[in-house]
Amino acid sequence: MFLRDILDKIKPNFIEGGRFEKFSSTFEAFESFAFTPNTVTGGKNSDRYRGCHIRDAVDLKRTIITVVIALMPALLFGMWNIGHQTALIYNLDWGFWHQFWFGFLRMLPIIVVSYVVGLAIEFLFAEIRHEEVSEGFIGTGLIIAMIVPVTVPLWQLALAVAFAVVIGKEVFGGSGYNFLNPALVARAFLFFSYPSHMSGDSVWVAKPFHFTGDVVTGATPLGQLMAGQTLTASPLDMFLGTIAGSTCETSVVAILLGALLLLVTGIASWRIMAGVVIGGGVMGLLFNAIGANEYMQVPFYYHYLMGGFMFGCVFMATDPVTAAQTNIGKWIYGLLIGLFAVLLRVLNPAYPEGMMLAILLMNCFAPLIDHCVVAANRNRRKKRWQAAERRTV
């Protein structure tokens, strides 16, 4: 109530006719972040009465906050793993909290830069368009920070975030109108613009603050397979996430905890998740049957444990804006993502992390998938109607 009273006192300054009327979108964003909007449908004589309405306290902000909560296990584990990997490689005698604190300090600037740059652009576009500030970047900003290397230069991250928000989202009209996942657009920008900072073993391990020597490398499972080397990490290590990799993508356990929350709350589509897992498994089994090289002989379930496969499956393939909307379309969309992710990994060594490109590719085809599904349903109904007409005659 204390916060509500403060907002009520200053609110007249931001509504129409107030001193800070041009900043109304900014005020609304902070107000609705803390409290459910009080916008309601009007009476029968009101323009707001026309059309259909959904009366629910779970608005978009509450949905995004649920996603953020689901990301917490992977984020917290990722912070600890940064310190853990650094301590292992540099042979440092660090305890659990020292490792976590080191990872927290390494992650904090990345998260701050991602949010500051992205939200500044979101607020700017909202004020220019006189629209409400989109809530989507609350989740996107955190995901971007979680899928980049811990050593990414902050100025490169700022450019990537700006590119993702402006080119990947705002030019199409903002949240709900973009057809590409903004977080993956940011990662793709970094991958193709600054490949030396996104690939190689050394980018996955943070350098201790007091260390003055050369950076020590820490190979990832995907990197080892790409180089034709034998995997040094066990399936259990990859499942738990105690391996080098993107800051918060390594722990399948933490990701599955987030997936459970998203599925229980109905935020994410189980059809897409299941489709991605099945598609990846089918392609992995096909390569196992061919067995032309060592990479093809890797057990199919290893693909679930390596790289960003599971993180992409749970948190990015299920993006409700860029994914397929029909139930059958979600199955097709998910299956193709899983198939292409493993296909790109095995057949194109230049892009060992095929999940990013697979999701972006299927983002482009999601509208076509839905169109074909709807058209097929319409044709089936038309044939049933024609058959009924003939029986009547």
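Predicted model: local features only at pLDDT ≥ 70, side-chain atom pairs only at ≥ 80, totals over all residues.
Which helix holds the place of R380?

1. R380 sits in helix α15, the stretch covering residues 354-392. Its relative accessible area comes to 41%.

2. Together with R378, R381 and R384, R380 forms a patch of positive charge on the surface. If you have the structure open, look along helix α15 for R380 and then pick out the other arginines of the patch, R378, R381 and R384.

3. Now for a residue with another kind of setting. Q156 belongs to helix α6, which spans residues 154-166. Is Q156 buried or exposed? Q156 is buried, because its relative accessibility is 2% and the cut-off for that label is under 20%.

4. Which residues does Q156 touch, once those up to four places away in sequence are set aside? The contacts are L190, Y194 and H197.

5. Next, have a look at P73. This proline is placed in helix α3, running over residues 60-89. P73 is partly exposed, and its relative accessible area is 26%.

6. P73 and G258 are 185 residues apart in sequence, yet their C-alpha atoms are 6.8 Å apart in space. P73 also touches A254 and L257, again leaving out residues up to four places away in sequence.

Notes
Residues numbered from 1 in each chain as written. Heavy atoms only, no water. Patch = residues over 30% accessible without salt bridge, like charges linked within 9 Å, V, L, I, M, F, W, Y side chains within 5 Å. Areas by Shrake-Rupley, 256 points an atom, 1.4 Å probe, with all protein chains shown as cover. Salt bridge = Lys/Arg side-chain N within 4 Å of Asp/Glu carboxyl O. Lys, Arg positive; Asp, Glu negative; His and termini not counted. Charge placed at Lys NZ, Arg CZ, Asp CG, Glu CD. Helix = DSSP H or I, 4+ residues; strand = E, 2+ residues; numbered from the N terminus. Buried < 20%, exposed > 50% of the residue type's maximum accessible area, 1.4 Å probe, protein only. Contact = heavy atoms within 4.5 Å.
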